[in-house]
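Thanks for coming. I will go through one model this morning, starting with its pocket and then moving to the packing.

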Amino acid sequence: YQMTFPDVAEGEWYSEAVRWAASEGVITGYDNGNFGPNDPITREQLAVMLYRYAGAEKTQADLSGFADSGSISDWASDAMNWAVVEGIITGKTGGKLDPSGLASRAEVAAMLQRFIESILK
């Protein structure tokens with residue numbers, strides 16, 4: 001696989017994983033061409049990665065029950081709809097999706113568990 005991100009050095013512990021994910025279309029990086037290997041991940045970024053990995057079909061969820069549904073980034077809209085339909089993202093306290101909020105380790109673990117369970121159905 002070709003390395004397409006200038007900020008991912010060869011030989012790092014994560015280099016091959018980034019190379020694979022980019023080649024499979026799971027990640028695309030930022031508009032500036034970088035990957036941001038040390039950047040924290042948002043809930044919508046994680047949803048996009050899972051959506052792309054699953055090769056999921058576009059779905060439409062009723063997000064009106066979430067107070068911040070209008071704050072989902074355009075590039076993450078399909079993935080967030082899918083993640084809600086599949087039960088991968090269930091919202092947070094206060095009826096929010098918190099799409100641009102940073103995903104805690106616990107949130108990532110829960111989303112991964114729900115994702116795996118959804119694809120094993």
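Which element gives the most residues to the lining of the largest pocket? That is H2, with seven residues. Before the details, the conventions. This is a predicted model, in which local features need pLDDT of at least 70 and side-chain atom pairs count only at pLDDT 80 or more, while totals for chains, interfaces and linings use all residues. Residues are numbered from 1 along each chain as its sequence is written, and side-chain values use heavy atoms, with hydrogens and water left out.

Helices here are DSSP runs of H or I with at least four residues, numbered from the N terminus. A pocket is an open set of points on a 1 Å grid over the protein atoms alone, where a 1.4 Å probe fits, with protein on both sides within 12 Å along at least five of seven lines; lining residues have an atom within 4 Å of a point.

The largest pocket holds about 860 Å³ of space, the volume being that filled by probe spheres set on the points. Its lining has 29 residues, and Ile27, Phe35, Ile41, Gln45 and Met49 are the closest to the centre. H1, H2 and H4 each give two or more residues to this lining. By type, the lining splits into 22 nonpolar, four polar and three charged residues.

Now the packing. In helix H3, residues 77–85, the buried residues are Ala79, Met80, Asn81, Trp82, Ala83 and Val84; buried means under 20% relative accessible area with a 1.4 Å probe, protein chains only. They pack against helix H2 (43–54) and helix H4 (105–119). Just after H3, glycine 87 has a positive phi of about 80°.

A nonpolar core is a set of buried Ala, Val, Leu, Ile, Met, Phe, Trp, Tyr and Cys residues joined through side-chain atoms within 4.5 Å. The largest one has 20 residues, and among those touching the most other members are Leu50, Met80 and Trp82. H2, H3 and H4 are the elements that give two or more residues to this core. A second, separate core has nine residues, including Met3, Phe5, Val8 and Val18.

Last, serine 15 in helix H1, residues 15–23. Buried or exposed? Serine 15 counts as buried because its relative accessibility is 2%. Its side chain reaches the backbone oxygen of alanine 9 at 2.5 Å. Beyond its neighbours within four places in sequence, serine 15 is in contact (heavy atoms within 4.5 Å) with Met3, Val8, Ala9 and Glu10.

Conventions: Buried < 20%, exposed > 50% of the residue type's maximum accessible area, 1.4 Å probe, protein only. Polar contact = N/O pair within 3.5 Å; in protein donor to acceptor, adjacent residues only side chain to side chain. Nonpolar A, V, L, I, M, F, W, Y, C, P; charged D, E, K, R; others polar.
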